[in-house]
Structure formats: C-alpha cells, structure tokens
Amino acid sequence: MTPLTYLSILRVQETARLIRETDLLITTMTEQVGWCYYSGHATIAFRRYMGVTPFEHRHYRPPTASREGQGIGVARAARAV
C-alpha cells in the first residue's frame, strides 16, 4: 500500500466517523480531514473505499459488515430506492 493510499483510507475513516457523530456539512468534514471538497476527490475516494458517496452514507446510515466489504450494505440500499 502506498503512503497516499493509506492517507486516503485514514481520511475516509475519519469522514465516516464525522458523518456518524456530527451534523456538520459534508463539505466542512472533507476540508477538516484535508481534502478540497470542490475537487471531487473526497467523493471519489469515499465511494472507492466505502461503496457509497458521503451523502448516501449519511442518508442510509453506516453500513453493516459483509463479506463483500464495509460499504456494500449501504450501496445496495441506495440502489434499491
């Protein structure tokens, strides 16, 4: 794993924690963890590692663990709507 990948995973984990524990705007959260929200990188990385966008994560709540990965439960719920 490259240092940049590791940093991205840490940022995604912290963003997910902030989504669960606060009512901050997603733009504020992503800036707090070190991403520029308007570049779109935060959403791309969050979707890559969690399976959903930060908005979907907030709306459908944290995913349940599954064999396919951490964010798969939320991704399926988002597609079902």
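## Terms and model

A residue is called exposed when its relative accessible area is over 50%, buried when that area is under 20%, and partly exposed in between (1.4 Å probe, protein chains only). The model is predicted, with local features requiring pLDDT of at least 70 and side-chain atom pairs counted only at pLDDT 80 or more, whereas totals for chains, interfaces and linings use all residues. Residues are numbered from 1 along each chain as its sequence is written, and side-chain values use heavy atoms, with hydrogens and water left out.

## Overall organisation

The chain has 5 helices and 0 strands, where helices (H or I, at least four residues) and strands (E, at least two) are DSSP runs numbered from the N terminus. Read from the N terminus on, the elements therefore follow the order α-α-α-α-α. Of the 81 residues in the chain, 31% are buried.

The accessible surface of the chain comes to about 5300 Å², and carbon and sulfur atoms contribute 56% of it; such areas come from the Shrake-Rupley method with a 1.4 Å probe, and for residues only the protein chains shown count as cover.

## Helix H1

Helix H1 spans residues 3-21, has 19 residues and reaches 27 Å from its first C-alpha to its last, which is close to the 27 Å expected at 1.5 Å a residue; the expected span is 1.5 Å times one less than the number of residues. Its buried residues are Ser8, Arg11, Val12, Thr15, Ala16, Leu18 and Ile19. They cover an arc of only 160° around the axis, which puts them on the same side of H1, the arc being that of the directions from the helix axis to the C-beta atoms.

These buried residues of H1 pack against H2, H3 and H4, while Pro3 and Glu21 are exposed on the other side of H1.

The structure holds 2 salt bridges, a salt bridge being a side-chain nitrogen of Lys or Arg within 4 Å of a carboxyl oxygen of Asp or Glu. In one of them the side chains of Glu14 and Arg17 meet at 2.5 Å, N to O, and in another Arg17 pairs with Glu21, the closest N and O atoms being 2.6 Å apart.

An α-helix has 3.6 residues a turn, so residues three or four places apart point the same way. Glu14 and Arg17 both lie in helix H1, 3 residues apart, about one turn of the helix, and because Arg17 and Glu21 are 4 residues apart in helix H1, about one helical turn separates them. Glu14 counts as partly exposed at 30% relative accessibility, as does Arg17 at 29%, whereas Glu21 is exposed with a relative accessible area of 52%. The C-alpha atom of Glu14 is separated by 8.7 Å from that of Met29, which lies 15 residues apart from Glu14 along the chain.

## The nonpolar core

The largest nonpolar core has 13 residues, and those with the most contacts inside it are Val12, Met29, Trp35, Phe46 and Met50; a nonpolar core is a set of buried Ala, Val, Leu, Ile, Met, Phe, Trp, Tyr and Cys residues joined through side-chain atoms within 4.5 Å. The elements that give two or more residues to this core are helix H1, helix H2 (26-32) and H3.

Trp35 touches Ser8, Arg11, Val12, Thr15, Thr30, His41, Ala42 and Ala45, when residues up to four places away in sequence are not counted.

H3 is followed by Gly51, whose phi is positive, near 90°.

Thr53 lies in the loop between H3 and helix H4 (54-60) and counts as buried at 12% relative accessibility. Leaving aside neighbours within four places in sequence, Thr53 is in contact with Thr43, Phe46 and Arg47.

How values were computed. Contact means heavy atoms within 4.5 Å.
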